[in-house]
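Thanks for coming, everyone. Let me put the model up, and then we'll walk through it.

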Amino acid sequence: MEAYLLAIAITALVYVLLTLGLNFQYGFTGLINFGYVGFFALGAYASAICTVRLGWPAWTGFAIGIVVPALLAWPIGRVALRLRDDYLAIVTLGFSEIVRLVIVSEKDLTNGNQGIAGVPKLFAGVAGPGYADGVLAAVLVLAVVLVALLMRAIVKSPYGRLIQAIRDDETALLALGKDPARFKTQVLMLGAAIAGFAGSFYAHYIGFVTPEQFVPIVTFQVWMAMIMGGVGRLRGAVVGAFMLLVILEGSRVARDIVPGVSEVAMSSARLAVIGLALILFIRFRPQGLLGIKRD
Amino acid sequence: MDLLWFDYANLALNGLAEGLMIALPALAVTLVFGVARFPNAAVGDFVSLGCFGALAAHRATGGSIAASLAGGAAAGALGSWLGWKLAFQPLMRRHGLALLLTSIGLGFVLRAFMGLSFGHEIQLFDVPLMKALRFGPLLVNPIDAMVACFSLVCMGIVFGLLRFTSAGRTMRAIACDMDLARVVGIDSRAAMGRMWVLSGVICGVAGLALGLKTQVSPEAGADLLLPAFAAAVIGGLGNPLGAVLGAICLGVMQELSTPFVGFTYKIALSYVVMLLVLLWRPQGLFNRVQGVR
């Protein structure tokens, strides 16, 4: 039971990181990124490739997993940020699919559909195998706190006011002589770096990576966590991510209680719950649980 | 192995068939975008719904293609209309993102519904095997030819409706300027309802086409979503003819690129083309520049 709760906590913390990054992009700057899972995948694969295939130490995976997504976010920003919101959504969604297709195809590097197994657990050497997950959870809490503090510092700074102004009235900002595209690109890059960071943790925790783990639905789960918690609220990311995990895991627990339900049926039911929650939240509580109502 | 000219011609023909099939969901995407102002991410799942509707009618009537066409169109239209009534209509005055996210949620619900009611096993249309039609060195799969015909006829009807009927005119008026359309007395709710039914019918026909060409499963249609988006963006969102031409271009290009980039990357090609088009002509290939983008 404790191991199970710990597993949920670690997954939830990874989602908290992802939600923080997405909240930075959408909640504060208004960028509709539907390809968030692509950056997450890049971080996870960076760690897996560095540690398993190249035999490098884990920190190199983290470093590459943060830098590469940020660098790849740059051209996307250049292309899409001159366009309307809907286009950014479609372009980023396309980007995450390209990432997945590249992972599937470049077998020499990624081992294709089989994925890469045996990503080492972090801290197994330091804490002993039994306590590695506990230490990982503690480190993740620390990482979440640091990222949240960083976000808070950014949001409260003049720079933060500027990006929120982009969200609220881009034309006014243009009239003041600022270049919104530049700031949006920076926000996109920083958000991507956070996703990559979360991806590295995820790969080390789960222990294997396959392209199947990085399908678009993950992006929308993060969106859901953000919406449930509260768009533009840092604390909301924590609440939302844990609520998401309750929904995802609740359906798994329900399967143990209700007999005779197949795994496939349950995964369908889970999809229905996610979809319904998304629809209902947007309709009745678009500001989320902790959000502030804005027009 | 060197490919001869007719190998390329055959690839182009395959691409044409593929493009004509993607043209239908692309048309549905662009129609919804033009009138309701958001990219509808549930389009792929309406296509799957049409797939199952067509399959049910096909089995019930012992293999009548006309009945499957009706079944697919009915299932697509019903799903689309219900989606409009239950999910989209209450949000009509909200920001486009609320509608977009709702369409994603609706897509999940539909996929889950289909998974629970019809199962996840891949099902096939029981159609007799037919020999490929030969024109010299050129081969045409009769199924492809049939699918292309459905697609062309469906598009012809849609364009006729949009161009020559008063229902089509009101839809175009709303697409052009919603407020102005209301001022001159157009019942925008009714017109929206008709638009959703029309887009559902298109998806339903696409469902039959997809089912005949490939297979039937709850996820089958969702895989068409991104190509359809790409085609609609390339043609210019909101431009029906652009969406169709964009889809055909993409289909032909994808197939012709297969010998060079392989099977997986040909899918990525459509996104890359989309990105290039957005760089070069952000309004799409066939749209005029509008004031605000």
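First, a term: helices (H or I, at least four residues) and strands (E, at least two) are DSSP runs, numbered from the N terminus. On that basis, chain A has 13 helices and two strands. Its radius of gyration is 19 Å, close to the 19 Å from the globule rule for 295 residues, so chain A is as compact as a globular protein of that length. That radius is taken over C-alpha atoms, and the rule is 2.2 Å times the number of residues to the power 0.38.

A word on the source. This is a predicted model: local features need pLDDT of at least 70, side-chain atom pairs count only at pLDDT 80 or more, and totals for chains, interfaces and linings use all residues. Residues are numbered from 1 along each chain as its sequence is written, while chains are lettered from A and ligands numbered from 1 in the order in which they are written.

Now the interface. Two residues are in contact if their C-beta atoms, placed from the backbone, lie within 7 Å. By that test, 37 residues of chain B contact 34 residues of chain A. On the chain B side, H4 (96-118), H9 (225-235) and H10 (240-280) each supply at least two residues. Which helix gives the largest share? H4(B) does, with 16 residues.

Last, one residue in chain B. Beyond its neighbours within four places in sequence, Ala23(B) contacts Ser151(B), Met155(B), Ala231(B), Ala243(B), Val244(B), Ala247(B) and Ile248(B).

Back to chain A to finish. Its C-alpha atoms fill a box of roughly 55 × 45 × 35 Å, taken along the principal axes.
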